[in-house]
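Please look through the sequence and the model shown here before reading on.

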Amino acid sequence: MCTINQDQKNAILDEILATRRSYRMFLPVIPPEDDIRRIIHAGLLAPYAAAAVGSSKDYFRRFFVFRNGSASMAAVQPLVFRQVTAMAAALDHDMADKPRLRAQAVTFAQRLSMIQKMGTVPGVGTAPYYIVVAEKKGFPPVGQQSLAHCLENMWLKATALELGFQLVSITAQLGDDPAFCEILGITAGEWELAGCAVGFPKDELSPAIRPAADDVTRWMD
Ligand SMILES: Cc1cc2nc3c(=O)[nH]c(=O)nc-3n(C[C@H](O)[C@H](O)[C@H](O)COP(=O)(O)O)c2cc1C
């Protein structure tokens, strides 16, 4: 039986929603494993596309936790970095004769180039935990949307636990990488992937600034 009233529930939820931020700097201290379990449990409570994955006997979501300093982290780090290099090269090639794409993708291309210069992918080895979430591909192919719900639940739970959370979106590109999937113990090409980093934040961030709902909402007649 829940002991808090509706106002209290909303005050807590509003506080968590407002303080959820992207943390990109972490303390080297490793958060308790139980916190990571609670974050994963929150992910499991997220909605999923039942019609797309419904017939699978095997459970369709999996979580892989990499601890900083572990052998598995050392094994995946160069594979994730290699993906950034491949993506940057493919984008450069595509942008060369496509001015429209060049205009659209300039910020993203700069980000890839910055990561290449850093020599490490933010969140992979820069935080105590890198968590990969896998969802079995189904039909229609809505795995990435489904994973986004899962990751948002994990993010909100991490916020409630006062842990920092960072999306590592390059992880999505690694579902077809045989070496990466072999480390996870899954078959390449069969799963959609998403990733995040979790740890104690190095500095506190102020609540997110967003426009007022009325400034971006049109009530239709
Ligand atoms: C689809 C998507 C992919 C993202 N990928 C990354 C990422 O790879 N690394 C990262 O640090 N932040 C990533 N972000 C976080 C956004 O940059 C961040 O949410 C945005 O700047 C707003 O900041 P806030 O999360 O602190 O409110 C991603 C967000 C979305 C929605």
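The paragraphs below take up a sheet with its helices, and then a pair of helices.

This is a predicted model, in which local features need pLDDT of at least 70 and side-chain atom pairs count only at pLDDT 80 or more, while totals for chains, interfaces and linings use all residues. Residues are numbered from 1 along each chain as its sequence is written, and side-chain values use heavy atoms, with hydrogens and water left out.

An open sheet of 4 strands runs in the order S1-S2-S4-S3 with antiparallel pairing, where strands (E, at least two residues) and helices (H or I, at least four) are DSSP runs numbered from the N terminus, and two strands pair if DSSP finds at least two bridges between them. Strand S1 (61-67) and strand S3 (164-167) stand at the edges with a single partner strand each, so one side of each has no neighbour in the sheet. S3 pairs with strand S4 (residues 191-199) over 4 bridges in the antiparallel sense, and Phe165 stands opposite Val198 in S4. Helix H6 (residues 143-160) packs on the sheet and touches S1, S2, S3 and S4, contact meaning heavy atoms within 4.5 Å.

Helix H4 (residues 71-96) and helix H5 (residues 99-118) have axes that come within 10 Å and cross at roughly 150°; axes are lines fitted to C-alpha atoms, for helices over the stretch in contact, and angles run from 0 to 180 degrees between N-to-C directions. H4 and H5 are therefore roughly antiparallel to each other, a label for angles over 145 degrees, with those under 35 counted as roughly parallel, 65 to 115 as roughly perpendicular and the rest as oblique.
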